[in-house]
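Work through the two exercises below with the sequence and the 3D structure at hand, and try each task before reading its solution.

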Amino acid sequence: MKKWKQYTSKEIKPAGWLKKQLEIQAEGLSGNLDKVWRDVRDSKWIGGDAEGWERVPYWLDGFIPLAYLLEDDDMISRAKKYINAIVSSQREDGWICPCEEGQKAEYDSWAVLLITKVLTVYYECSNEEHILDVIYKTLKNYYDLLSSGKIKLFDWGAYRWYEGFVAINLIYDKYPEEWLQDLARLLKTQGTNYNDKMELWKRPLNQWTLDTHIVNLAMMLKSEAVSCDILKESYTNNVDRLYEILYRYNSTSVGLFTGDECLSGLSPIQGTELCAVVEQMYSYELLYAYTGDKKWAERLEQIAFNALPATISDDMWSHQYVQMSNQIACQKFPGRSVFRTNGQEAHLFGLEPNYGCCTANFNQGWPKFALSAFMHDDNTVINVIPVPSVLKTDDKQIILKTDYPFENSFQYTIKADRPFVFKIRIPSFAKRLIVNGEKTTAEELTFEIAAGEHREIVLSY
């Protein structure tokens with residue numbers, strides 16, 4: 001059902017303020033975490049003795065596309081160093097995570113789902129063909145273990161079962177083998193059914209539960225979209241039901257859901273975990289790619305332009321664990337925390353405020369957002385997010401000059417060696433649309449670009 005395909009970091013390059021934002025990120029914590037933070041620098045993933053579960057994969061998930069978008073040779077070589085270390089430690093049977101052989105049953109295999117997603121990102125950026133074999137072997141081993149009952153989903157893995165479909169879908173496209181469909185069914189069967197949890201979202205529970213954990217829910221939004229094809233299920237748009245309950249009872253002014261760490265109601269003094277910000281963005285990027293529904297692109301913009309910048313310092317060397325809509329000071333709460341399941345300092349800026357998952361994970365936000373600027377299908381290209389960027393493929397180039405969202409004006413310079421259809425998504429708030437000097441009303445603009453044509457399109461709203 002996937003409507004739009006995503007371009008790679010080789011084909012899309014950031015420009016203008018967006019490129020500057022990525023450069024700041026590269027000069028800040030994201031670009032230096034492997035130098036300054038023990039959980040990445042000395043991780044078990046690369047033969048050290050520090051954390052060997054989600055933190056290195058989380059960091060690589062954003063660091064890899066950041067390095068390739070900026071074409072930074074040093075960062076690319078450091079990404080390769082980590083990937084090579086992980087790949088070289090893969091066992092003969094395909095197991096890839098850093099845990100002892102006898103501990104697999106107790107090792108939460110959320111890490112397997114996450115590292116296959118990271119390897120997919122690396123393959124798409126580097127185009128190194130041997131990575132496909134690594135992912136294939138990892139998934140096949142995972143299937144063998146799950147189908148034999150030697151391991152099963154529990155805790156985080158059970159609540160994030162759909163994250164593995166990023167890699168499963170890639171491998172199934174290359175090798176449409178039946179066991180991949182069986183693996184998909186196993187994951188869904190052993191995974192959490194969020195339709196059964198919606199009643200729990202209607203009022204804050206004031207206790208920590210996986211059922212209401214905000215990052216699980218931010219990830220969950222894309223679950224039907226990424227899984228329905230390989231499961232041979234009809235897409236029912238179930239996300240609208242899930243979103244409606246979450247938004248009605250837990251929304252914020254910037255489009256997030258409250259969660260400090262778990263769903264926290266409608267009060268603007270409740271927080272939202274930074275991991276949830278970037279995971280909600282990623283869910284919306286995939287929801288738009290799969291459905292083509294413009295509301296997901298608009299919701300993506302709202303979070304990217306409001307929530308993400310608010311919770312990271314200007315130099316991107318520090319961040320909050322949770323942000324609040326009406327926070328008036330960054331200081332420790334005196335006495336009891338106002339957060340329902342976080343401590344007194346979760347809203348402060350630092351290296352590892354409250355918990356380190358966000359330290360590793362926040363850096364996927366801007367790079368993956370940049371990669372969502374343009375998408376394509378067959379002979380059609382669509383500008384999804386109108387941020388300054390350049391799309392260049394073998395037969396076309398589109399340069400978008402704009403200061404959006406600071407100004408609503410856009411200049412497209414298009415060169416084509418072959419004919420193609422170019423579409424521009426127009427947001428619902430655009431009331432005075434002007435295209436090449438002419439007023440018009442449209443929810444989407446469509447242009448037929450001829451072979452050899454050099455065209456300028458200027459619009460504002």
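**Exercise 1.** Find out how the radius of gyration of the chain stands against that of a compact globule with 461 residues.

*Solution.* Step one is the rule, 2.2 Å times the number of residues to the power 0.38, with the radius taken over C-alpha atoms. For 461 residues a compact globule would have a radius of gyration near 23 Å, and the chain, at 22 Å, agrees with this. Step two is the extent: the C-alpha trace spans about 65 × 55 × 45 Å along its principal axes. Step three is burial, where 61% of the 461 residues are buried, that is, under 20% relative accessible area with a 1.4 Å probe and protein chains only.

This is a predicted model, in which local features need pLDDT of at least 70 and side-chain atom pairs count only at pLDDT 80 or more, while totals for chains, interfaces and linings use all residues. Residues are numbered from 1 along each chain as its sequence is written, and side-chain values use heavy atoms, leaving out hydrogens and water.

**Exercise 2.** Determine which residues of helix α13 are buried and how they are arranged around its axis.

*Solution.* Begin by locating α13 at residues 239-250, helices being DSSP runs (H or I, at least four residues) numbered from the N terminus. Next, list its buried residues, which are Val239, Leu242, Tyr243, Ile245, Leu246 and Asn250. Viewed down the axis of α13, these fall within an arc of 165°, so they line one face of the helix; the arc is that of the directions from the axis to the C-beta atoms. Finally, look for the cover over these residues, which includes α11 (214-220), α12 (223-227), α14 (274-291) and α15 (294-310).

Notes
Helix = DSSP H or I, 4+ residues; strand = E, 2+ residues; numbered from the N terminus. Expected span 1.5 Å × (residues − 1). Buried < 20%, exposed > 50% of the residue type's maximum accessible area, 1.4 Å probe, protein only. Contact = heavy atoms within 4.5 Å.
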